[in-house]
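Here is a short note for a colleague who has not looked at this structure before.

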Amino acid sequence: MENNTEQIKKVIFSGIQPSGDLTLGNYLGALKNWVKLQDDYDTFYCIVDLHAITVKQEPKNLRRRTLELLAIYIAAGIDPEKNTMFIQSHVPAHSEAAWLLNCNTYVGELSRMTQYKDKSSKYGNSISAGLLNYPVLMVADILLYQADLVPVGKDQKQHLELTRDIADRFNKAYSHTFKIPEPYIPENGTKIMDLQEPNKKMSKSSDNPNSFILMMDPPDIIRKKIARAVTDSIGEVKYSDEQPGVKNLMTILGALTGASMEQLEQKYLGQGYAQFKKDVAEAIVAELEPIQNKVKDLLENKTYLEEIYKKGAEKANYVAIKTLRKMQKKIGLIQK
Ligand code: AMP
Ligand code: TRP
């Protein structure tokens, strides 16, 4: 019986790069939703270290961030018993499949990707070939697990389209090999905005640290950053495009407490922003502080983390290699 339900569960694959500290945006927009999916889907959550090295990383920081990201996944509620959590470079099939898929991808397709255009204009003359090929590695990540759904933010939708194109092209050229995945954007997909410029997405790459809240920011810093968050002179807690700062804080409070926007409008009617902002800050602290403590504990228990990522890599490898062997065979490579 149990096996039957296992078999019909749809597969979800997603990943985050260990290239910087995670923000409240990453948490509310990605991680918190991943946790909700774990009971209904067969989920693979990857730490995509090979993606992170498409731009220069200090080796020491990359090591630290990779382990910290795993600890954050677990502390946020991703259950190692229910999910496959692993480090991308531990499953060599990702790199191998990426090469095979690179040979079925056009340079034109890759150079048209918005993220590549943005990043390459930023890095000027020293753009690595890895940055151009980066989406193909993402295609490999997804296709190796025959994923049905891929939870991603809007910025990754173009890479998902490419994944579908390449999968379809390969299937047509070599007979059916890959499931064609769908992007998965949760119904109430939360997008958290910059606290200082609320028309921009909250991002760790902002120059002003008051613009973002990091998952690991100490409670007092969180309180200060929310106190400093830009609002307006209207003085009413209202979910309106004319009040982007307030709207964003309401989104955050709603995502954390489950309150609807109407309920929040009612609750703070005629009160200005002081108590509202305090409540936002306390809701964030109440959510993040236990996670931060858990992350700290986990990072002191390297043996436990090692156990999780080794077990994860083993499970992932088992699935990935099956697809890789299929690809190799269809392309005409001799099996060893
Ligand atoms: P990134 O840090 O941009 O690589 O994104 C990792 C994941 O977090 C992706 O699924 C993004 O869509 C999500 N994410 C990043 N920033 C935000 C934000 N400000 N609001 C909501 N989701 C976000
Ligand atoms: N490129 C994604 C990002 O920057 C991370 C990623 C890599 C990913 N491989 C993936 C996301 C596969 C979903 C599925 O956010």
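How far is a nitrogen atom of ligand 2 from an N or O atom in the side chain of glutamine 156? The separation is 3.2 Å. Please keep in mind throughout that this is a predicted model.

1. Polar contacts of ligand 2.

2. Shell of ligand 2. The ligand is surrounded by 13 residues, and the closest of them are Gln17, Tyr134, Met138, Asp141 and Gln156. By class, the shell has seven nonpolar residues, five polar ones and one charged one. Strand E1 (10-16) and helix H8 (129-144) each contribute at least two residues to it. H8 gives the largest share, with four residues.

3. Polar contacts of ligand 1. Here the protein atoms are backbone atoms. A backbone N or O atom of glycine 25 is 3.2 Å from a nitrogen atom of ligand 1, and a polar backbone atom of methionine 202 is 3.0 Å from a nitrogen atom of the ligand. At glycine 153, a backbone N or O atom lies 3.2 Å from an oxygen atom of ligand 1.

4. Shell of ligand 1. The residues around ligand 1 include Asn26, Ala30, Asp155, Thr190, Ile192 and Lys204. The shell divides into three nonpolar, five polar and four charged residues.

5. Length of helix H11. This helix covers residues 244-257, which is 14 residues. At 1.5 Å a residue it should span 20 Å, and because its end C-alpha atoms are 20 Å apart, the model agrees with that expectation. Just after H11, glycine 258 has a positive phi of about 85 degrees.

6. Among the buried residues are Val246, Asn248, Leu249, Met250, Ile252 and Leu256. The cover over the buried residues of H11 includes helix H2 (24-37), helix H10 (219-228), helix H12 (261-267) and helix H13 (274-300).

Notes: Residues are numbered from 1 along each chain as its sequence is written. Chains are lettered from A and ligands numbered from 1 in the order in which they are written. This is a predicted model: local features need pLDDT of at least 70, side-chain atom pairs count only at pLDDT 80 or more; totals for chains, interfaces and linings use all residues. Side-chain values use heavy atoms; hydrogens and water are left out. A residue is near a molecule or strand if one of its heavy atoms lies within 4 Å of it. A polar contact is a pair of N or O atoms within 3.5 Å; within protein, one must be able to donate a hydrogen and the other to accept it, and residues adjacent in sequence count only if both atoms are side-chain atoms. Ala, Val, Leu, Ile, Met, Phe, Trp, Tyr, Cys and Pro count as nonpolar, Asp, Glu, Lys and Arg as charged, and the others, Gly among them, as polar. The expected span of a helix is 1.5 Å times one less than its number of residues. Buried means under 20% relative accessible area, exposed over 50%, partly exposed in between (1.4 Å probe, protein chains only). Contact means heavy atoms within 4.5 Å.
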